[in-house]
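Me: I'd like to go through this model and check what the words mean. Please hold each label against its cut-off.

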Amino acid sequence: MGELRFHAATLDDAAFAADVWTAARPSAPVDPVVKRYWWATPSETYVSERYVVTRGGERIGFALVDHVRWDGPGPRYVSLRGDLLPEVRTAARLDELLAGLEVKGRATGATVLRTKAVEDDPLRESVVRGRGYREDRRSRRWELDLVGNRARILALAEESRERMRRAGIELCTLAAIAEPSKYEQVWRVGDEAARDIPTTEPHPDESLEDYLQWLRSPDTREDRFWVARREGRIVGLSVLSYPPVRGIVNTSYTATARSVRGLGVARATKGETLVQAIGLGVDRVRTGNDAQNAPILHINAAMGYRPIAGAIEFMKDAG
Ligand SMILES: CC(C)(COP(=O)(O)OP(=O)(O)OC[C@H]1O[C@@H](n2cnc3c(N)ncnc32)[C@H](O)[C@@H]1OP(=O)(O)O)[C@@H](O)C(=O)NCCC(=O)NCCS
C-alpha cells in the first residue's frame, strides 16, 4: 500500500488541478476558469474520470483518466494524466501516481495506456520510461514573439490579404457572419481537417454539440475566431485562445478544407489572428502541432515561431 490516495474530484477541485498543473510547470500556466468549464461540460465524445490525490490527508495532486466512447473494433486507448505539487514531486511519488492511474485506466476496459511527458521534464520522462512505456510520437511546441516580429507579421499578413483578394477569398471573424449555418460550416471544415492530422489514435467523430462546447469555452470568442470564405462558404479557420485568468495566448486550431489546400488560406487566417493579438497588446503567442505535420511545421517556421519544449507521447499495452 503506497502513500497516495485517489478521491473522486468535484467541480470545485478544477481550480486546484489547474494550480497543481501550473506549479508543476510554471512555464505553461493553466487557467482555472477554462479547466472548470471543461469539467462542468458533458461530452458526447469522451468519458472522463477525475481524482484529487492526497497524502496523509493533504491534497497534493490530481489524476485524470480520459477515453473516447468506444464502439466497434480496434485498440481502445485511454489517456492517463496527472501531476503533483513541486514540494512532493519526487520520482517515487510520480511512479506511484502513474501506477494508480494505470489501475484506473485498465478498469475502463482499455487495451492501450497512453501518457505524456514534456521534453523539458526529465524526471517524469524517466518515470514513464521506467514503467515500460515506449515512445509513440512527439508534438512540437512553438512560441512567437509578437513584439520583436511585429513589422514582419504585419507585412506577411498584408501579403496574405492581397493573395486572398486575388483568389476571391474573404477573411472575417465568425462574429461578422450572420447566417446560422456558420457553426455547422466551421464544424465540417474542422472535422475534415482533423482527419489529416498525423496521429496514432484515430480522430473520433465529434458531434456538432461537442464542437459548439469548444466554441463556447471561456477562452474562445467569435470575434477572435478567424475564417476564410469562398463563394459564401467557410473554407478555413484559425483561432487563438485567450485564457481569462492566466496562461499564454495559444492557437487552439488552424484548419482548411481539402479543396483549398496550398492556396495560402492557413497562412492568411493564422496571420489575422496574430495581427489581432498585436492590436490587443499581446506580447507572445504559442502554438503546437504533431512533429510529423509537415505543412503546419513549415507555416509556423515561416511565420517566425521558435521551437520550445514539446511533448513526448508514450504508450504501452494495458495487458
Ligand atoms: C495545415 C493546414 C491548415 C495547411 O493549410 P493550407 O491552407 O494548405 O496552408 P497554406 O496554403 O497557407 O500553406 C501551406 C504551406 O505548407 C507547405 N506545404 C504543404 N505540404 C507540405 C509538406 N508536405 N512539406 C513541407 N511544406 C508543405 C506549402 O508549400 C505552403 O507553404 P508556402 O506558403 O511557403 O508555399 C491544412 O493542411 C490542414 O487543415 N491540415 C489538417 C489540420 C491541421 O493539421 N492543422 C494544424 C495543426 S492543429
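Me: What does V189 touch, not counting residues up to four places away in sequence?

Reply: V189 touches I234, V235, G236, L237, A255 and A257, with residues up to four places away in sequence left out. Contact means that two C-beta atoms, placed from the backbone, lie within 7 Å.

Me: Before we go on, what kind of model is this?

Reply: It is a predicted model; local features need pLDDT of at least 70, side-chain atom pairs count only at pLDDT 80 or more, and totals for chains, interfaces and linings use all residues. Residues are numbered from 1 along each chain as its sequence is written.

Me: Which residues touch the most other members of the largest nonpolar core?

Reply: The core has 35 residues, and V186, V189, V227, A228, L237 and V285 touch the most other members. A nonpolar core is a set of buried Ala, Val, Leu, Ile, Met, Phe, Trp, Tyr and Cys residues joined through C-beta atoms within 7 Å. Two or more residues each come from β6 (134-145), α5 (150-167), β7 (169-173), α6 (182-194), β8, β9 and α8. Helices (H or I, at least four residues) and strands (E, at least two) are DSSP runs, numbered from the N terminus. A second, separate core of 33 residues includes L4, Y51, V53 and F62.

Me: Why is L146 called buried?

Reply: A residue is buried if 20 or more other C-beta atoms lie within 10 Å of its own, exposed if 12 or fewer, and partly exposed in between; C-beta atoms are placed from the backbone. L146 has 20 C-beta neighbours inside 10 Å, so it counts as buried. It lies in the loop between β6 and α5. Among the residues that L146 touches are I153, L274, A277 and V285.

Me: Why is L297 called partly exposed?

Reply: L297 has 17 C-beta neighbours inside 10 Å, so it counts as partly exposed. Its place is in helix α9. L297 touches R140 and N289, not counting residues up to four places away in sequence. The C-alpha atoms of L297 and R141 are separated by 9.9 Å, and these residues are 156 apart along the chain.

Me: What makes A302 count as exposed?

Reply: A302 has 10 C-beta neighbours inside 10 Å, so the label is exposed. A302 also lies in α9. From C-alpha to C-alpha, A302 and D145 are 13 Å apart in space, and 157 residues apart in sequence.

Me: What makes E231 count as exposed?

Reply: E231 has 8 C-beta neighbours inside 10 Å, so it counts as exposed. E231 sits in the loop between β8 (225-230) and β9 (233-241). Its phi is near 50°, a positive value in a residue other than glycine.

Me: Why are the buried residues of α5 said to line one face?

Reply: In α5, I153, L156, A157, S160 and M164 are buried. Seen down the axis, they fall within an arc of 100°, so they line one face of the helix. The arc is that of the directions from the helix axis to the C-beta atoms. On the other side, A151, A155, E158, E162, R165 and R166 are exposed. The buried residues of α5 pack against β7, β8, α8 and α9. Just after α5, G168 takes a positive phi of about 70°.

Me: What is the span of α3, and what is expected?

Reply: Helix α3 (residues 91-107) has 17 residues and reaches 24 Å from its first C-alpha to its last, close to the 24 Å expected. In α3, R93, L94, L97, L98, L101 and G105 are buried. These fall within an arc of 135° seen down the axis, so they line one face of α3. A92, V103 and A107 are exposed on the other side.

Me: Which residues are closest to the ligand?

Reply: The closest are A193, T256, R261, A266 and A294, out of 23 residues that surround the ligand. A residue is near a molecule or strand if its C-beta atom, placed from the backbone, lies within 6 Å of it. The largest share of the shell, six residues, comes from α9.

Notes
Expected span 1.5 Å × (residues − 1).
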